Every structure is written in C-alpha cells, then in structure tokens.
Amino acid sequence: MTTTMSLEPSAVTAATHPGSLLWLIPFLPFFGFLLNGLTGRKLRSTKVVDAIALGSVGISFILTLIHFARLIGLPADSRSIHQSLWTWFDVGGAHVLGGLTTYKIAWAYKFDVLSGCMALLVTGAGFLIHLFSTGYMAEERNDGRYYRFMAYMNLFVFSMLNLVLGANILMMFLGWEGVGLCSYLLIGFYFEKEFAAVAGKKAFVTNRIGDFGFMIGFFLILMVFGSLDYDTLMGSVRGIMALPSITLFHHTASPTWWFNLIGCCLFVGAMGKSAQIPLYVWLPDAMAGPTPVSALIHAATMVTSGLYMITRLNFIYINAPVALSVVLLFGSLTAFVAATMGLAQYDIKKVLAYSTVSQLGFMFMGMGTGAFAAGMFHVFTHAFFKASLFLGSGAVIAACHHEQDMRNMGGLRKLMPITSLAMILATFAIAGIFPFSGFFSKDEILWQVFNGWYHHGLYNGPTLNLVAWILGMLGAFCTAFYMTRLIAMTFYGDYRGAGNDPYGLTVQSEAHHAHDDHGHADAHGHAAADGHHENHVHELDKPHDHHADDPEDHDFVPGHHPHEVSWRMWLPVLILACLATVGGFLNYPESLHRILPIVPAELFTKWLEPLLYQVAPVVHAEHAPPAIEYGLMAWATLVWAPSAMILAWWIYKVDPSWSRAKAFVARFPNLYRWVNAKYYVDEFYEAALIGPTKRFSAQLWSFDTWVVDGMVNGAARFTVLWAHSMHWVDQKIVDGLVNGVAWLIQQTSLVFRRLQSGRFQHYAFVMFLGFLVFAFWKFLA
Amino acid sequence: MFTANTTLMLVATFLPFLGALVLLLVPKGQRKVFEYGSLAVMIVSFLLSVPFWFGYDRGSAAVQWFQAWTWIPTLGVKFAVGMDGISLLLWLLTTFIGPIAIACSFSSITERHKEYYLWMLVLQTAMLGVFITQDMFLFYLFWEVMLVPMYFLIAIWGGPQKLYAAIKLFLYTLAGSVLMLVAILAIYFLQHKTTGVYDFSLASFQAMAPIIAQQSKTFQILMALAFFIGFAIKVPMFPFHTWLPDAHVQAPTAGSVILAAILLKMGTYGFVRFLLPILPGATKELMPYFLTLTLIGIIYGALVAMIQKDMKKLVAYSSVSHLGMCMLGLFALNPYGIKGGLLQMLNHGISTSGLFLAVGIVYERRHTRMIADFGGLSKSMPVYATIFMIMTMSSLGLPLLNGFIGEGVILMGSFQAFPWAAVVATLGIILGAAYLLWMYQRVMFGPITPVNEKMEDLNLREVLYFAPLVIVAFWIGMYPKPVMDVMDAPVRKLVMQVNPDFYKAESLAAQQAEAARVGMHGMEAPEAPEVQAAPAGMIHGGGH
C-alpha cells in the first residue's frame, strides 16, 4: 500500500493536516474481512475468527480515538486531517460550468469534525456489536458460516468508514454502495429462507432507486463545481452563489434553482439509504437479517448515511430552500406515518424497525429546518438507544428460543434483569424524557421546527413548519406509546411462553416468524420437537466460559423459561444504554445552560460549527431564549411523552388481559387492519410498479421474439422462399429455355438428319435446288 | 528478456495459428495433448503480450510498433501492423481471455477435441489480428476470417439448435460486414479520385475525414449509415441484436466467453476506429437516432433480461444493455464518455465472461441452465457462490469493482453531453441490479433440492481460471489509473478529431486549486461586504 500524494500539491489545503495512518482506520476492517473471508472456512477454531474480526475493528476504534484526540488539539478552523492514497479516477477533461477541468478524483480520506464523530460511532458501536455477535451467533460457530458473518460485518465497517471518511463525493458513493452490498449480504444471511433472500434483494434494489437520484445529484455537482472534493466544493460555493445565473444544458437559472435541483436529487438517494417515504419499504423487511445486523446497519450506522450526506453538503442545502422544504416535508411525514405503523406490530423487531424509520424522519426534520447539528446529534443519540434496543431485543429473542412475537413473551424483567434494565433506560431515552439523551436531541429538533414558524414571536414562518411540528409531536406521542407497549409486553406481566397463558394472548408463531432471525430449521428443529427448549438456549452459551454470570437455572422450573444471556451480549447492551442515558449532555441546550450553568452548552453544535456554512456572520447577541421554548420543553417531557407512556402502561400492563386494546380493535376494525397491514404500501408497490414492469418485460420479450427476431427470421425465410421460387424459375424457365433450345435443336436435327441420307443423288438434287433459288433471287433483285 | 517490438507483436499474434498447425500433426485421439498444448500456446501468447503493457509509451497518441510491408502494390495494400492504446487494451484483453477460454473447455468439450482446439487457436489469431492491423484490407480480411472458426465452434459443439444459431450469426454479421466493405471501398475510390493514389492504410483513411466532410450530405450520411449498421450488428445494438441470444445460448461455454469478451468488442472498436474519426460530421448529424437506439437498447435489453428463464439468455440480454452503455459513452464524444466506453468494453469482457463461465459451471454439472432448476446453491457450492457474487456485482456496477468505474465515467461523460440520456441510462442500471440479483437469488439462495445438494463446488482448475478475472475486476475497480493512462493520449486525439472544439475551453485548474485552499474557510460568513466579491470573480470564467 503506497501512500503517494497524487493530487497536485496546491490541492492540499492549508487548513488540512496530513495524516499518515488515517488509511488504516478503514483498511484494518478490510484486512479483517479478507483474512476471515479467505481463510475463515479452514480455521479450526472460531476464536481466531473472533480475534481477527474484533481485533481489526477494535484497533480501528483506537486509531480513531487517537485521530480524534489530535483533532481536538487543533484550532477550530483547521480541524481536518487529510490523506490521499492514489488517483482513483483520472479521465482527462470535462466541460463544466466555467470551462474545462482536468479534475482527478483521488482515493483520499478526510478526518474532520463530522467524519471524526461518525468514525467514532461506526468503529465504537461497531466494536460493541461485533462483541454482541460473538455471543448471539454462537450457533453458527458449529455450522461453518460463522466466519462468513464476521467477514461481512468487517466489510460493512470498511464500507461505512469509506462513506464517512472519504474526502470526496465519489468516495462517499463507494461506501454508500458498499454498505448497500453488505446490507444485502447480511439481510440474506440465512439465504436458504426464501423471504430473507427476497428481503435482501428488495433492500438492494430499493436502494438502487435512491442511488439513481444520488448519482444525478453528484453529476450536477460536478457540472456546477467542476469538482467532487469537499474542500474544493466548500471553497467555491460562495463564489457560485454570487453568480447572477448559471447556464447548463441550455437552461439558465439562478444558482439557487440549481442548488435546489441538486438538493432534491441527492435527497432521493437519502430516501433510499435512510428509509424515508416513499422508499422506506425495505427497512422493515430487512429485519430478516440477524439481530446484530439490524442494530449495526439498520439502526446505528448505515441508515444514517443520508443524514451524514446532507450535513456534509450542508453548504448546498442551506442555499437550497426548496430542497430543504422537501426534506422537512418528507421527514415529518415519515416520522409520523412510520410511528403509527409501529403501534400495531407484534414482532418485536418490526416495532423497532418502524421506530427507526420514524426516528430517521425526525432527523430529516432537523435537517429540513437547516438545523444540521441538531439532526446530526439525534443520529448519535439514536444510535445509542436504538442499538441498545435492538441488541436487547436480540438478547430477548435468543433467550426466548427465537421467538419474536411479543405476545408470546412477557415477564422477562425478572428473568433477564440486566437486559430489561438496559432496554428500559433506552426506552426512556427514545421517548424523550428528561434527562435521557433523546430528550435533548428530539426536543431540539422539534423546537427548531417550531421556531421556523414561531419566528421570534411573529408566528409568520412557513406553514409547513407548523404542520411538520404537529406531525412530529404526534410521532413523538406514538413513539412513547409503542415503546412502552413493547416494554410492557416483553418485560412485564408473567411469562406467557411456557404454556402459562391465562388470557389467551399467545399465538402460534408463523413458521417464518419463529425463524425470522435464526434460520436453522434443521439445526434446532429436533430440539424444538422434543421440547427441550432450555437445552437449546444453553447451546448459545456453550462456547462461553462465563457461566457464572448466568442464573443457574438448569433445574430451575420444568418449563421453557428464558434466562439472562451471557456477558458478551448484555455488556454491549448496557454500555449503549448508559450512553443513551447520559449522552444528551453533549449537546446541552443554551436555554437550560442558563438555568444550570455547570453543564457546558451546545458542545456538539459548536464542535460542528466550522463545517456549517454560514449565510451571514454569526451575531453573538445575548438575548434570552423565549419563554415558549421552556414551555414546550416542559410540555414534551412532563405531559406529552409521559401521557403516552402511561396510556400504554394502562392498556398493556395494568390490565394483563389487554382487554382495552382488544376493545379498541373491535371498535375500529378497519383502522386496526390498515395500520397492522402498514397501509398496504407494499401491496400498492407490487400492484402499481413491480407487476407492470414484469408484465411489460414479458411483452417486450414477445416483441423481441416475434417482431425484432421475427423480422430477421422473416428475412431469412423470405430469402429461402425467394430462392425456392428462383429455383423453380431456374428449373422451369431458365433451364427450361436451355432445355427448350436443346429440344428444338434436337427436333430440328431430326429433320436435318433425314436430309443426311449419304446418297450423292440427293445432295446433287439439293445443290441444284439451291442454285435455282439463288438464281431466282438474284434475277428478282 | 523480451522487449516490446513489432516482431514480438507478430509472434504473439500468430503463435496460436502456428500452434494450430503443429497440433494438426498430432493424431486425433490425443485429447490431453490438444488440451494442454493449446493452453500452453495461449499462455505463452499471453506472456509474450505482457511486455507491451509496460513498453507502451503512454505519452504518445501515435501508432506504436508500427511496421508496414508491401503486399499488393497495385491496390495499395500493405501488411501494416501496429497498435495505439485503444487497440493495445483490446489486444491484451484477447490474449488474457484466450487461456481462460481454453481452460474452461477441458470438461465441457467431450467430442472432436482436435478440431475444437484447432479452431479455438485459429480464432484467437484472427481476433488478435484485427486489433494490430493498420491496413483496411488486412483489417477486413481478419474481420471476416474470424467468423469461420466461430461458425464451426457453434455449429459443431453447440446446443440443440446449433446450426440455426451458427448460420444466423454468420449471415447476420456478414451482412453487416458487406455494408462496411461498401463504405470502405467508397472511401478508397474517393481517395483515389481526390489524391490520385490507391492506399488502404488506416492512416490515409482517417486523413480522408476533411475531404469526406466536403462531399455531399447524402454521401456522408450513407457512408455513416453503412458503417453504423455494420458495426451495430456486431455490437449488437437494438434492433440488430437478435443473433446474440441465439448464438450465446447455443455456443459452448468458451464460445460464449469469446463472443462476449472479444467479438462484440469488434463492433465498438469499429465505431472508435472508423465511424467517429472518419465521419465526425455525419455522426453528429445522425446522433439523435444513434442515441435513441442506444437508450432503447439499454432499457430494452435490461427489461427483456429480467424475465428470461434461461441463465445464459439472461446474461446475453444483459450484454445488449451493457454494450448500450458502452455506446452511450462513445457517443458522448468527450474524454469522460469515450474513456468510460472503452473501459466498459474491457469490463464487460471481464464480468460477462465471468458470468458465462459461471453459467457453464452449473450447466456442466446439471445439464440445464434453467433458473427454475436451481436454488440454494450457496449451500452446496460456497466458493462458486462467492465468485458468482463478485461477477454479478462487477456486472451491476458496484463500487470497488470494475463495472462501477466504467459506468460511472460513462454516465459522467454522457451527462455533460446529453443529460437526459444519462438519466435514462441510469434507469438501466437500476434494472441491471434488479435482474442480476433476482437471478442470483433464485439460483443461489432459497431452499435447496436434493439434486442440487449433491453439486460439487469448484475444483482447482475452475478456481484458477476464475481467479484472473476476479483479480482484474478488483484491480480496475480500485486503481483504474494505469488503464486510463494507456488510453489517455489516443482518446485525446480522437476527441480532437471528432469534437475539435472540446479542448478550446478555458481551463479551471487554478480556480479549483484556490477553492480547495480556501476549503473550510469558505464556510465562514464573510466579515465585511468587500471580501465577498473576491471569490466570486474567480468563478465567472467563460460560461456556456
């Protein structure tokens, strides 16, 4: 790996510091992937696989920490470490706005305030989730696909690090597609399950639709800026905004118009990757993958790439008001609609999946108001609490013998105390209760949205902001409700799984639900058959040496009672839950800082500040935050979210038979049906897009066979036919003529043959006749 | 040891033919001799071609290692050979694919071994010849000779409808060749009329461009159409593509590999070598029609591929779509587009060969190519699944693999020239992901049947012939610069020939460097109004 500087020296900015080990952060997991992927099958012990996978991500995390520390030591306006490895694309010249550019795209990394944070998240959460996987995937250790899982996970970390650390948009796109591939591979990890394979493909293809927009977006950036390097883009945006108009492709419009177009195109990409309406449909299906995958890829990191992209290109979005409105609109719609979908799900992972879609909507709402730091902060807090929730649900699923239906759970609090504690903490965080992290991040977003309409007390901002705020508040209510419902159903009441079901709540798991997560029909089929479920659960812990942590329940109850999982699984859950609990103080709002000045205000926002484009100079006018901000805060954390939680508690905990919920469903069957069926969006896509495309393909295929190829074959057949007719003509006419001549000659010759008698007298007579004729003719003439 | 020179180039080119002559003397029954003998010849030919990669002068657009011997002086025919970067890349691709095509035949060819390997070797020389020739007469000769071995390969060792497919391939492409010949002769006689000499050399043909530009519009359009149809059949472009699925489906695996990797490239190569430089004016005139056919091809090929039940047919239709992408790049007439188009020719040669080889693997084991007969193969054939996955990803343009570089550069190039065309083509890429992954899912994933459970994974020979493809796919994906450098100067020359205004625009390099230097500071709001004006002035430059 040579580290040559292939860009011209002048392209390396003064505000950037070279870093020689930066490349190792993404490449270590890549080497881990290669090692495990190529040799994993032959390794005798899966411990080696663990060491490679965890070691590579762990060292990568340490390197990230070192770089981050270095970043902190630098002055705020030059917090950027740059490393260019080699020229990736060098394609001669391109005609762009303003002339000819010989721009080269480098394989380069840039570690700055934003990518540094993201890299910390990816490697840090990545490491914890790798650790969790060593426990969760224990069954796979015996059937030879464990190495494959770990290799894919490492590949994912590599791709995600390329996405966040890349120094230009194409590097981001490299990571963008790479994480899509890993997502595809990991969703379809249990590929022998048809639905898992289908879900993987659905995720990939849906993302590809988003990439379509993303590609058009960055082509436009290339055309307008003549470059894809973040540094160059950031440097030239002010100049471009100052242009009176931009003419590209024979179309003249203001720079804002073009930025709006770019912003909307790129947002289509974000819709795909970050699961926004209308492209969110793949994410719930993606739950077919193993739970650590859901935690890492479909909650903490990959799905936030859209947010990262918008923050990275904030200088475009802030100059593109229409694009921002689009982001706000779709974000708030998603936040609300997905939250309602979460209300009626029974699959614990599906609830979390819709919750993720909804929370991503909140983040986009933040972006849509131009509050990039607020949106980004929610990315981080969400990563903590949602990863914790997913991993916790994974622990629950593993403990309950791959049961994912919450109706068949219950009472797990006593059996799995650590996991339940962690998940309850995370639930408070996601519900937005002070002082958990979700409060700080979500409240800030909702405040920014509201503030857009409130407009310093004038109430004259865009109506969209008000609508978005209302949708957001409703979404927040639903969030608090379904999360409490999840907790109540899973951890409270009595365990319903061991045949102990006084209210008839349990359901026969559908076959695919039972194996949604672990597709080992044959591996544990016999275990299920002879009823030794607890034996099976113990299999999970066999490779571990830490049985001391587990409650000794070998002869606990003669049922199928789950028990706490091994430390490898609960420790990451707990760490993430703790982060979710206290993480909010990293972006302590200014308004509360005035009340409690011990906590420094807005650390995160200030940290990101150098990266955020400023339209006008920042005025440090010290005006007090409006009273309404305090009012809304108090309302959200004291009334709004708690009332939702109490409502859910009242329905699902206070009344263990859930009769109130049943009564509600009986009262509004259609509403329930629609929500439960997720508004039939998938069915709509199938009927409106996929089906017609397939039918159209079939028609084209007939067209190809009968018309296009038909013409070719027709030409051939015509030629043959023509040849036949020619043959006939040839035989009957041309050859007939020849034969006719021959026949004629033959016939004539018969006459002449008579003449050739051989007798002299005859000849003399003919000669005489000839002479007579000649003389007669001469005489007449 | 070996340095790149004309002699070595000729040796590498004709070595397969000589090998065929030697093998001719070996008695029929010696199967191993033919297999390993022809493999050895191909490998040596490849090794001999390697020095050219290093010896090529990347700074020059001239034809290198050029040499010409008088052949038929009265007609102005010379035996002229030499290569520039464009032909070098395709020539190297051919020598590279050669050993792979032989190696994959060992188990699939079960009868008439002697003839098979002889024809393969003859075919190899004919294809290599096309890329080194610098004389139109010689070019046409190689171009036509190539068809004969291909005809026999399909007609003897092909599938159930082999005769139909072989004859269709032969006649269809011959029809195109004849049109091309007419155009060549027209230019040849025009040249004599204007300059007074008979000359078949390629350089003199390209030098005819300004004279042709003075001819009547009808003449130019007819010339362009003759070339276009000739090459479009070979590419193949919609609606001249229907010979391709038949030929691919019926051909033996190696035949499909060569067909996809090299033979189709003859068409695109023809566009680059003849149509664009000789008839730039008429090409631009007809561009809307060419572009329409190209775009239809991209979408149409992808859609039709989607519903194929036969894996080989699916890959064949995907070729129609992918070569449409190549053509889109070439038609952009700017460096991004042409380089992307050329690179995508190589990429298609690698990834589609890989896919055909992959289909061949399961066909040899199960004697069926129907997607419905498979499922869950990942379980019984993990190595195969990995390689198939890599080739699929390469074909659908995943970053880190070669396909992405090609498609990305093509789209960036065509976006500069025809933004809407690029948008439509991007749709084709979405469909590409859909049909390839759908096939992969149905073949490799899902529940496995007992008969598929017994299928054996790749053996060492199979891994060995896949390995080079995988390595090159990653190499081009991660570090395409060496390849780009080889074609840099010739593409520059081509753009000058076909789109001379391109390089006249003002250069932006200094402004961009300044912008990069400003970097993060550009995010800060200017303190005072007069500072604001400074960067604005730089960008103004020359607008469109």
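Visitor: How far apart are the end C-alpha atoms of helix α8 of chain A, and what span should its 19 residues have?
Guide: This is a predicted model, to start with. Helix α8 of chain A covers residues 255-273. At 1.5 Å a residue, its 19 residues should span 27 Å, and the end C-alpha atoms are 27 Å apart, so the two agree.

Visitor: Is α8(A) mostly covered or mostly open?
Guide: Mostly covered. In α8(A), 16 of the 19 residues are buried.

Visitor: Which residue with a positive phi follows α8(A)?
Guide: A:Ala275. Its phi is near 55°.

Visitor: Now α3(A). How many of its residues are buried?
Guide: 23 of 24. The helix runs over residues 113-136 of chain A.

Visitor: Switching to helix pairs. At what angle do α4 and α5 of chain A pack?
Guide: About 155°, with the axes 7 Å apart. Helix α4 is residues 146-165 and helix α5 is residues 169-187. That angle is over 145 degrees, so α4(A) counts as roughly antiparallel to α5(A).

Visitor: And which hand is the crossing of α4(A) with α5(A), left or right?
Guide: Left-handed.

Visitor: Which residues meet there?
Guide: From α4(A), they include A:Tyr152, A:Phe156 and A:Leu163. From α5(A), they include A:Met171, A:Trp176 and A:Leu186. The contact residues of the two helices divide into 13 nonpolar, four polar and no charged.

Visitor: How many residues does each chain give to the contact between A and B?
Guide: Chain A gives 84 and chain B gives 75. Elements giving two or more residues to the chain A side include β2 (80-90), α5, α7 (230-241) and α29 (681-755). The largest share, 14 residues, comes from α6(A).

Visitor: One last spot. Where is A:Gly410?
Guide: In the loop between α15 (372-399) and α16 (412-415) of chain A.

Visitor: Why does A:Gly410 count as buried?
Guide: Because 24 other C-beta atoms lie within 10 Å, and the cut-off is 20 or more.

Visitor: What does A:Gly410 touch, beyond its neighbours within four places in sequence?
Guide: Its contacts include A:Met489, A:Tyr492, A:Asp494 and A:Arg496.

Visitor: What separates the C-alpha atoms of A:Gly410 and A:Arg717?
Guide: 74 Å. The two residues are 307 residues apart along the chain.

How values were computed. Residues numbered from 1 in each chain as written. Chains lettered and ligands numbered in written order. Predicted model: local features only at pLDDT ≥ 70, side-chain atom pairs only at ≥ 80, totals over all residues. Helix = DSSP H or I, 4+ residues; strand = E, 2+ residues; numbered from the N terminus. Expected span 1.5 Å × (residues − 1). Buried ≥ 20, exposed ≤ 12 C-beta atoms within 10 Å, placed from the backbone. Axes fitted to C-alpha atoms, helices over the stretch in contact; angles between N-to-C directions. Parallel < 35°, antiparallel > 145°, perpendicular 65-115°, else oblique. Left-handed = near helix turned anticlockwise from the far one by under 90°. Contact = placed C-beta atoms within 7 Å. Nonpolar A, V, L, I, M, F, W, Y, C, P; charged D, E, K, R; others polar.
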